[in-house]
Amino acid sequence: MVASMTKRQKNVGPRSGQRIPVKVTSEEKERIERTARQVRLPASRFLRELGLGYNPPSKVDLESLYWLGRLRGDLGRLGGLLKLWLVEAPGQAISETEIKIALNTIMEKQAELSELIVSFEVAIRQ
C-alpha cells in the first residue's frame, strides 16, 4: 500500500493528457515543427496556442528589429566619418559633390530604416 502512495500519478493536472489527434503529412509536420522552433515553443504548445486563438510572440521579429537598429547605427557612424573627412580633407581623392551625394544617400537609407523599425515595433505590439 505504501508503494502505491509513492507512485507518481499520471494524467493529473490542468492538461491531464487529453489529446486531439490530427493527421498531417511529413512535410506539414516538418513545417509546423520549424515554425514552432522559430517562435521558440514546443510544437504542442504552439498548436494549442494557435488553436485557442493566441498569437505566439515571434522571436524572429525581435531579432530582425535588433539588427535593423544596429544597421541604422552603422549608417549613422559612416555618415559621421564622411562628414569628418569633408571637414578635415576637403577635395582629396574624391570631389566634395560626390561625398555629399554619398552622405545624402546614407541619410535617406537611415531614414528608411527608421521607418521600417517603427513599423516593426507597431506590428510586434499588435
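Let's start with one term: two residues are in contact when they have heavy atoms within 4.5 Å of each other. Keep that handy as we walk through this predicted model, where residues are numbered from 1 along each chain as its sequence is written, and where side-chain values use heavy atoms, leaving out hydrogens and water. In this predicted model, local features need pLDDT of at least 70 and side-chain atom pairs count only at pLDDT 80 or more, while totals for chains, interfaces and linings use all residues.

The mean for the protein is 79, and 76% of its residues reach 70 or more. Confidence is lowest in α1, with a mean of 56, and highest in α2, with 91.

Now the overall layout. The protein has 5 helices and 0 strands, where helices (H or I, at least four residues) and strands (E, at least two) are DSSP runs, numbered from the N terminus. Reading from that end, you pass α-α-α-α-α. Among contacts between residues at least 6 apart in sequence, 44% join residues at least 24 apart.

What about inside and outside? We call a residue buried under 20% relative accessible area, exposed over 50%, and partly exposed in between (1.4 Å probe, protein chains only). Of the 126 residues in the protein, 15% are buried. The protein exposes about 10,700 Å², with carbon and sulfur atoms supplying 56% of that; such areas come from the Shrake-Rupley method with a 1.4 Å probe, and for residues only the protein chains shown count as cover.

Which residues make up the largest nonpolar core? There are 10 residues in all, and among them are Leu65, Leu68, Leu75, Leu103 and Leu113. Helices α4 (59-88) and α5 (96-125) each supply at least two residues of this core. A nonpolar core, by the way, is a set of buried Ala, Val, Leu, Ile, Met, Phe, Trp, Tyr and Cys residues joined through side-chain atoms within 4.5 Å. In soluble globular proteins, nonpolar side chains tend to be buried together. Take a look at Leu113: leaving aside residues up to four places away in sequence, Leu113 touches Leu68, Leu71, Arg72 and Leu75.

Next come the charged pairs. A salt bridge is a side-chain nitrogen of Lys or Arg within 4 Å of a carboxyl oxygen of Asp or Glu, and a search of the whole structure finds 4 of them. In one, Arg45 pairs with Glu49, with the closest N and O atoms 2.9 Å apart. These two sit 4 residues apart in helix α3 (residues 43-51), so about one helical turn separates them. Arg45 is partly exposed at 39% relative accessibility, whereas Glu49 is buried at 15%.

Over in helix α4, Asp74 and Arg77 form a salt bridge at 2.4 Å, N to O; they are 3 residues apart, about one turn of the helix. Helix α5 holds another pair, Glu112 and Lys109, also about one helical turn apart, and their closest N and O atoms are 3.8 Å apart. Glu112 is partly exposed at 44%, and Lys109 is partly exposed at 41%.

Ile20, Val22 and Val24 make a nonpolar patch of about 330 Å². Patches are made of residues with over 30% relative accessible area and no salt bridge, with like charges joined within 9 Å and nonpolar side chains (Val, Leu, Ile, Met, Phe, Trp, Tyr) within 5 Å. Ile20 lies in the loop between α1 (2-6) and α2 (26-38), and Ile20 is exposed, at 75% relative accessible area.

How values were computed
pLDDT = per-residue confidence, 0-100.
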